[in-house]
Amino acid sequence: MRTAHSVDTVRTAERALMAELPEGTLMQRAAAGLAAACADLLGRRVYGARVALLVGSGDNGGDALYAGARLARRGAGVTAVLLTPDRAHAGGLRALRSAGGRVTTADGADGEAGVRAVRRADLVVDGIVGIGGKGALREPAQELVAAAEGALIVAVDLPSGVDADTGEVPGAAVRADATVTFGTYKPGLLIDPAREHAGALRPVDIGLGPWLPSEPDAEALQHADVAGLLPRPEAESDKYRRGVVGIVAGSARYPGAAVLAVAGALAGGAGAVRYAGPAADAVIARFPETLVTTGPPAKAGRVQAWVIGPGLGDGPEARQALVDVLTSDVPVLVDADGLRLLDPQAVRARSAETLLTPHAGEAAALLGLSREEVEASRLSSVRALADRFGATALLKGSTTLVADGTHAVRVNPTGTPWLATAGSGDVLSGLTGSLLAAGLSTRDAASVGAYLHGLAARELGNAPITSLAVAEELRRVWLDVSR
Ligand SMILES: NC(=O)C1=CN([C@@H]2O[C@H](COP(=O)(O)OP(=O)(O)OC[C@H]3O[C@@H](n4cnc5c(N)ncnc54)[C@H](O)[C@@H]3O)[C@@H](O)[C@H]2O)[C@@H](O)CC1
Ligand SMILES: [K+]
């Protein structure tokens with residue numbers, strides 16, 4: 001699990017740890033890890049490499065200066081460009097100078113020299129701001145960052161200009177090839193749009209672990225976590241013990257959505273898949289193992305979880321079907337058209353868990369925001385959805401988020417832009433519903449579903465994909481993950 005903690009939590013933990021250590025120890029640990037990562041990125045050719053340090057007014061700049069001193073001692077030509085010369089970290093400056101590094105500034109008489117140093121650099125270290133940063137990059141930082149284009153850029157702790165707690169990017173921000181982050185991940189490093197600015201993530205252990213709370217603010221599942229959550233049938237399991245999932249999807253107009261949701265559900269490990277709706281013929285033609293009825297959900301038979309919404313339309317049968325499944329006492333996943341018909345009170349009144357799986361456009365409609373607003377503030381949007389409906393919410397996107405109002409927000413790291421294709425959400429809802437029927441909580445089912453779904457799309461390679469191909473790939477991905 002990659003775990004991320006908010007700035008306040010990191011600061012509290014750092015204070016506690018610092019009280020136990022000689023002054024400056026933490027910064028030295030950070031700088032050592034940062035210098036090692038820079039050396040790695042330079043392909044170990046440190047001697048003779050040209051390194052420019054962008055140095056802001058806080059400890060983030062201090063980290064950059066001490067790391068620069070370590071690189072200078074190994075023969076790199078290091079130039080620090082001070083953004084606020086009168087406030088640069090004094091100890092770091094002394095260390096850099098005594099290691100043979102040069103120091104210049106970003107404006108005044110030296111301004112040109114600063115830009116030149118950045119332009120000529122093989123590697124630029126972004127020590128402008130870290131967790132103390134507020135808002136977007138300002139001048140002269142913007143000009144220097146623009147001059148860094150073409151060089152390798154390493155961000156210290158996080159790319160300057162992004163919000164550490166939310167992943168929001170309010171304006172100009174560094175785009176790094178790698179981010180060396182200290183003690184723990186920050187939520188912004190896992191969540192888009194900031195995630196995209198961070199490049200490859202390199203955590204450096206500074207000994208903070210024991211001081212951090214066990215429940216993080218955000219977490220991203222890894223292979224091993226997913227393997228531990230996958231449902232496994234026992235020797236004695238019959239189909240009901242493995243879980244039966246009911247799918248209410250598709251319409252005369254969109255029969256394909258039903259087929260794709262069932263394809264996802266069949267790949268998700270339920271003991272059986274029931275389908276209720278007008279696309280029963282299309283479903284049975286493609287997947288003869290499905291138990292189908294053209295009647296309402298009540299006619300489908302016993303299930304342990306419902307999926308409702310993909311391609312459902314908004315006719316009277318669709319509305320009635322939604323009422324029927326929401327008044328059941330089993331977990332319900334609501335997607336797509338189902339979300340358009342949803343009444344928060346009906347969800348809040350439920351006795352079993354509910355999972356909503358909107359994309360940004362659907363989330364925007366539910367929250368009374370624009371799609372752009374949701375995309376710019378994904379973390380607060382997913383939390384607001386969970387809050388408003390008293391449910392678990394999965395917000396789709398390049399970093400899909402899952403919030404349940406209580407635990408750490410889960411971030412799915414396996415997304416790929418190729419998944420933004422027709423029907424891909426239908427497969428995800430079927431798959432996730434199947435995991436719900438197998439007994440996973442809404443939070444686990446949603447995050448495991450998103451993980452497998454993203455991985456299946458990635459396995460298909462860097463090329464256009466079809467949703468059915470993703471569903472077919474799920475079995476191989478399941479094998480891989482559980483190995
Ligand atoms: N506190 C600790 O124990 C440790 C901190 N470390 C480093 O220290 C960083 C935090 O240091 P600080 O608290 O000094 O804060 P930062 O260095 O992140 O930045 C704060 C300074 O930047 C200025 N600033 C804020 N937003 C700005 C903007 N948009 N443009 C320009 N300037 C802006 C502020 O006025 C303030 O002076 C961490 O991110 C990490 O890199 C590490 O050395 C590890 C140990
Ligand atoms: K930084």
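Analyst: One term before we start: two strands pair if DSSP finds at least two bridges between them. Helices (H or I, at least four residues) and strands (E, at least two) are DSSP runs, numbered from the N terminus. This is a predicted model, where local features need pLDDT of at least 70, side-chain atom pairs count only at pLDDT 80 or more, and totals for chains, interfaces and linings use all residues. Residues are numbered from 1 along each chain as its sequence is written, and side-chain values use heavy atoms, with hydrogens and water left out.

User: OK, so what's the bridge partner of D126 in β6?
Analyst: A155 is the partner of D126. Strand β5 (residues 123–127) and β6 are joined by four bridges, in the parallel sense.

User: And how much of β6 is buried?
Analyst: Four of the five residues of β6 (residues 152–156) are buried, so the strand is largely enclosed by the rest of the structure. Buried means under 20% relative accessible area, exposed over 50%, and partly exposed in between (1.4 Å probe, protein chains only).

User: What about β11, which way do its residues point?
Analyst: A272, R274 and A276 point one way, V273 and Y275 the other, and all are buried. With five of five residues buried, β11 (residues 272–276) is largely enclosed by the rest of the structure, so there's your reason for calling it an inside strand.

User: Which residue stands opposite R274?
Analyst: That's G246. Strand β10 (residues 244–248) runs parallel to β11, with four bridges between them.

User: Switching to helices: which residues of α4 are buried?
Analyst: In α4 (residues 90–98) they are G91, G92, L93, A95 and L96. They pack against β2 (50–55), α3 (59–73), β3 (77–82) and β4 (102–105), where contact means heavy atoms within 4.5 Å.

User: What follows α4?
Analyst: G100 does, and its phi is positive, near 95°.

User: Zooming out, how many helices and strands are there?
Analyst: The chain has 21 helices and 18 strands. Its radius of gyration is 26 Å, close to the 23 Å from the globule rule for 483 residues, so the chain is as compact as a globular protein of that length. That radius is taken over C-alpha atoms, and the rule is 2.2 Å times the number of residues to the power 0.38.

User: What box do the C-alpha atoms fill?
Analyst: Roughly 80 × 45 × 40 Å, along the principal axes.

User: And what share of the chain is buried?
Analyst: Of the 483 residues, 57% count as buried.

Notes:
Chains lettered and ligands numbered in written order.
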